[in-house]
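Subject: Structure handover

Hello,

Here is the structure you asked me to pass on. My notes on it follow below.

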Amino acid sequence: MARPIARVLTLLELLQSGGTRTVSELAARLDVDERTVRRYAQHLLDLDVPVESVRGRYGGYRLAPGYRMPPLMLSDDEALAVLLGLVAGQRAGLMPSTGVASETAAAKIRRVLPERLGRAMDAVLDSLTYTARPDAPPAPPGPPPGAVLLPLADAVRHYRPVALRYTSADGRRSARTLHPHGLVAHSGKWYVTGTDPAVGADRTFRLDRISEARVLPGSFVPPTGPDPAERVLSGLAAAPYRHEVSLRIQGTAEQIRRRLPADLAALAQLPPGAGGDGEPPLFRAELRVERLDWLPGVLAGLDLPFTIERPAELRTRVAALADRLAQAARSPDPNVP
């Protein structure tokens, strides 16, 4: 009788995850009886895999400590996590300066993947963009489930529509159709941006709120204009929130962006002369935020002239912060004679 190789390899994968596994647990996971589990363990021993038998009430099987196990067995999600982790680490500057180690490691993993999974990984890497600069502080997001990410990447790569099941922030569930333009990693989250063909408007969805993604027949014409990262940032800045804030800030766009990044504020330069002859340019910054309590400190950190156009509550909060800072500056230090 031919050995059930698939189940033997599944047993190896379970043991690779670490710790001691009881015979009853392994039998349940493999859907076989305990006698068969022992036979499978013997098969692994015949292949020189150091499976140890642990006796006692909570005994079972485990792998010998410190053993480097060939082959390395990864599920689809595990392989995706490893490859994306290498890409994110290299981008964030966490790899050796030459970058060779991460490149060769990724190439080795890619080389041993099944053709189907290899094509899917290529689609993900080709479709992915980051909003942060390579020298920005690293905050690489964890990869979403492959059942969501892989079909979306395939749809982006081949310009095919997708059907989504989505849960919004307020818990509402809906079925959506999207023409996806790209996948974007931003600030610890994954997003897919695209066009809703029913209304002809851009939409951005968080991948951790998508429960199902299914590629549909047909194709669409890829859009022109901003790239996916810019679309995500502008969409986040325009999202509806409790407070709408409008500011006039005098300074360069680079100076303003240090404290008000693109996903937080939309910037528009006012016509020349609005800031006065010979003065720095003047920008209108518009924000949508749930709370105002953190914003006075951010504005103080701008170190640029600004005017609050709305809301009046923000003016009150900024004035209160200014009073507290002035009071602190006037108070003598009790430790100084």
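Which order do the strands of the open sheet of four strands have? The order is β11-β12-β10-β13, and the pairing is antiparallel. Before going further, please keep in mind that this is a predicted model.

In that sheet, β11 (265–269) and β13 (306–310) are the edge strands, each pairing on one side only. On average, neighbouring strands of the sheet are turned by 25 degrees against each other, direction ignored. Eight bridges connect strand β10 (residues 243–250) with strand β12 (residues 282–289), in the antiparallel sense. If you want a residue pair to look at, Glu244 has Arg288 in β12 as its bridge partner. Helix α11 (residues 312–330) lies across β10 and β13, and it runs at about 140 degrees to β13.

There is also an open sheet of three strands, with the order β1-β3-β2 and antiparallel pairing. Its edge strands are β1 (21–22) and β2 (51–54), and each of them pairs on one side only. Between β2 and strand β3 (residues 60–63) there are four bridges, again antiparallel. Here Glu52 has Arg62 in β3 as its bridge partner. Helix α1 (residues 5–16) lies across β1, β2 and β3, at about 75 degrees to β3.

Two single residues are also worth a note.

The one is Gln42, which lies in helix α3 (residues 34–46). Is Gln42 buried, exposed or partly exposed? Its relative accessible area is 41%, so Gln42 counts as partly exposed, given that this class lies between the 20% limit for buried and the 50% limit for exposed. Gln42 and Val8 are 34 residues apart along the chain, and their C-alpha atoms are separated by 9.8 Å.

The other is Thr195, found in strand β7 (residues 189–196). Thr195 counts as buried because its relative accessibility is 19%, and the cut-off for buried is under 20%. Which residues does Thr195 touch, leaving out those up to four places away in sequence? They are Thr177, Leu178, His179, His181, Gly200, Ala201 and Asp202. With Asp202 there is also a polar contact: the side chains of Thr195 and Asp202 are joined by one of 3.4 Å.

Best regards

Key. Residues numbered from 1 in each chain as written. Predicted model: local features only at pLDDT ≥ 70, side-chain atom pairs only at ≥ 80, totals over all residues. Heavy atoms only, no water. Pairing = 2+ DSSP bridges. Helix = DSSP H or I, 4+ residues; strand = E, 2+ residues; numbered from the N terminus. Contact = heavy atoms within 4.5 Å. Axes fitted to C-alpha atoms, helices over the stretch in contact; angles between N-to-C directions. Buried < 20%, exposed > 50% of the residue type's maximum accessible area, 1.4 Å probe, protein only. Polar contact = N/O pair within 3.5 Å; in protein donor to acceptor, adjacent residues only side chain to side chain.
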